[in-house]
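Subject: Structure handover

Dear colleague,

Here is the structure I said I would pass on. My notes on its salt bridges follow below.

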Amino acid sequence: MADERREDHETVYWPMGPFKVRLPFIHYRFEWPDYCQGLLMCAVDLAAIPLMTELLGMPFEVALAVVLLNGFLYLTHHLLGDPVVPGWITPAIPLVMAWCQTFPEGTERIHALIAFQMTLGLFSIALGVSGLSHRVVQLVPSALKAGVIIGAGIAAVITVFQVGGRFDSFPWTISIAIGAAFYLLFSRHFTRLKTRNTFWATFGKLGIFPIIALAVVIAPLFGEASWPQIEWGITSPDFAGLWQNYTLFGLGWPPLMVFVQSLPVVLATYIVVFGDVLQGKALLDEADATRPDEKVEYAPNRAHMIFGGRNAVMSVIGPDIAMCGPLWAAMHVVIVERFKEGRKAMGSIFGGAGSFRWGTNTGLLLMPIVSLVQPILGVALALTLLIQGYVSVRVGIMAARSQRDLGIAGIVAAVLATRGAAWAFAVGVILCLLIYGRRFFSGEDDHTFNNDH
C-alpha cells in the first residue's frame with residue numbers, strides 16, 4: 001500500500017544494492033498538487049534550450065531532445081532512494097560555457113562538452129562508490145572554495161549583463177521580472193506576508209512560476225518578444241539529429257588531451273555541486289522535527305552515484321551544458337515546506353519530489369505549454385542565472401573563515417569569472433601558499449563571521 005512505513009518509520013522500498021527503489025502508487029502516494037505544479041514549472045527546464053542553441057548551434061528540436069532526456073533522468077533520484085528535487089548545476093553553467101567557447105564552434109566544441117561532462121560524471125561516481133566525497137572537498141582550502149563559489153555567481157551575473165547579453169535583448173522584462181523574483185524569494189516583507197496571510201503563503205509556494213507567467217505578458221507589451229503562438233499536440237524532439245550530429249555516435253570520441261584540459265573545470269564544478277549536496281541534506285534535516293512519522297535518509301554517496309551516472313549517460317546520448325545536478329534548490333524548498341505541513345498534506349517526501357518531476361516530464365511533451373513559454377526562454381534563463389548569482393555570492397562569502405580568506409577569495413573569484421577555472425585554481429593555490437604557508441590546508445579562523453562585538 002502506498003506510503004506504508006517500515007518499523008523504523010522509513011517508507012517501504014525494494015532494496016537494490018546501495019539503492020532503494022520506490023515506485024508511484026506502489027511505494028508512495030501520488031501527489032497531484034506537486035504534479036500540477038510540475039506541469040507548469042517545466043518552463044525552467046526549457047530555459048536550457050537557448051544555452052545549447054547559442055553554444056553549440058543546435059536547432060530547437062535537437063535541444064528539446066536533450067531537455068527531454070535529462071528530464072527523464074531526473075526521475076532516477078527519487079526512484080532510487082534520493083529524496084530531493086534534482087536540477088541543473090546552475091552556478092557552473094557560465095564557467096563551462098566560457099571554457100567550451102575556447103574551442104572552435106562545431107565538432108571540437110561538442111567534443112569539449114562531451115569530455116567535460118563524462119569526466120565529471122565518472123569522477124562523481126568514483127567518489128560515491130568509494131565514499132570519499134567529503135574528503136575531497138575538505139582538502140580544498142576554504143579561501144579557494146569560497147573564491148570558486150563567489151566566482152561562479154559573478155560569472156552568472158556577467159553572462160546576463162555583458163554587452164550583447166540577454167539583458168540587452170530583454171531590458172524591461174528582465175528588470176521587472178527579477179525585481180519581482182527577488183521580492184518573492186528573498187524579501188523580509190514578503191516573508192512576513194506569508195506568515196500572516198494564507199493566500200500569500202500559497203502564492204509563495206509556486207516558486208518562480210508566477211514570474212515566468214509575468215514575463216510571458218510583459219515581454220510582448222514592451223516589444224521585447226512576440227506574443228506566444230499556442231500550438232496543440234505533442235512536442236517533436238529530434239533524437240536522430242541529436243545522435244548523428246552532437247554525440248559520440250556521429251562524431252566519435254574526443255581527443256585524450258581534451259579530457260585532461262577539462263580537469264580544472266571539473267574540479268571547480270564539483271565544488272559547486274558539493275555545496276548543493278550539503279544544502280539538500282540541511283533542508284531535509286530541518287523537516288525531521290516536524291515529520292517524525294517518516295524517517296528520511298539522505299545518503300550523499302548514493303546521491304553522487306545517481307547524479308554522476310546521469311552526467312555520464314548524458315555525455316554519451318545528449319551532452320547538456322546545463323549538466324545534471326543533485327538539487328533544484330528553489331523547488332526542493334517548496335516541496336519540503338509542503339512536506340512539513342503533515343502527512344495529510346504529503347504522504348511521503350518521495351511522493352512530493354517524484355510527483356513534481358513526473359509533472360515536469362509531462363509538461364515537456366505538451367506543445368501548449370512549450371509554445372506558451374518559447375518566446376521568453378531567454379528571460380527564464382536570465383532569471384535563473386541572476387537568482388543563482390545572488391545565492392552563490394552569499395554562500396561563497398560564508399564559506400570563508402577569515403578576512404584573509406575573503407581577500408584571496410575575491411581575487412580567485414575575479415580571475416575565475418574573467419580567465420576561467422584553470423587560472424583561478426593556479427592563482428588560488430599560489431596565494432594560499434604565500435599567505436598561509438604550512439597552514440595551506442587549514443588556513444585560519446579569525447571569527448569574522450561569529451564575532452559578537
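**Salt bridges**

Asp293 is partly exposed, at a relative accessible area of 21%, where partly exposed lies between buried (under 20% relative accessible area) and exposed (over 50%), with a 1.4 Å probe and protein chains only. Its salt-bridge partner is Arg291, at 2.6 Å from N to O; a salt bridge here is a side-chain nitrogen of Lys or Arg within 4 Å of a carboxyl oxygen of Asp or Glu. Arg291 is buried, with a relative accessible area of 1%.

This is a predicted model, in which local features need pLDDT of at least 70 and side-chain atom pairs count only at pLDDT 80 or more, while totals for chains, interfaces and linings use all residues. Residues are numbered from 1 along each chain as its sequence is written, and side-chain values use heavy atoms, with hydrogens and water left out.

The structure has 11 salt bridges. One of them joins Lys20 to Glu297, at 2.7 Å from N to O. This pair links distant parts of the chain, 277 residues apart: Lys20 is in strand β2 (residues 19–21), and Glu297 is in the loop between α16 (263–288) and α17 (300–317). Helices (H or I, at least four residues) and strands (E, at least two) are DSSP runs, numbered from the N terminus. Lys20 is buried at 13% relative accessible area, whereas Glu297 is partly exposed at 30%.

Arg29 and Glu31 form another salt bridge, with their closest N and O atoms 3.2 Å apart. Arg29 is partly exposed at 30%, and Glu31 is buried at 3%.

Regards
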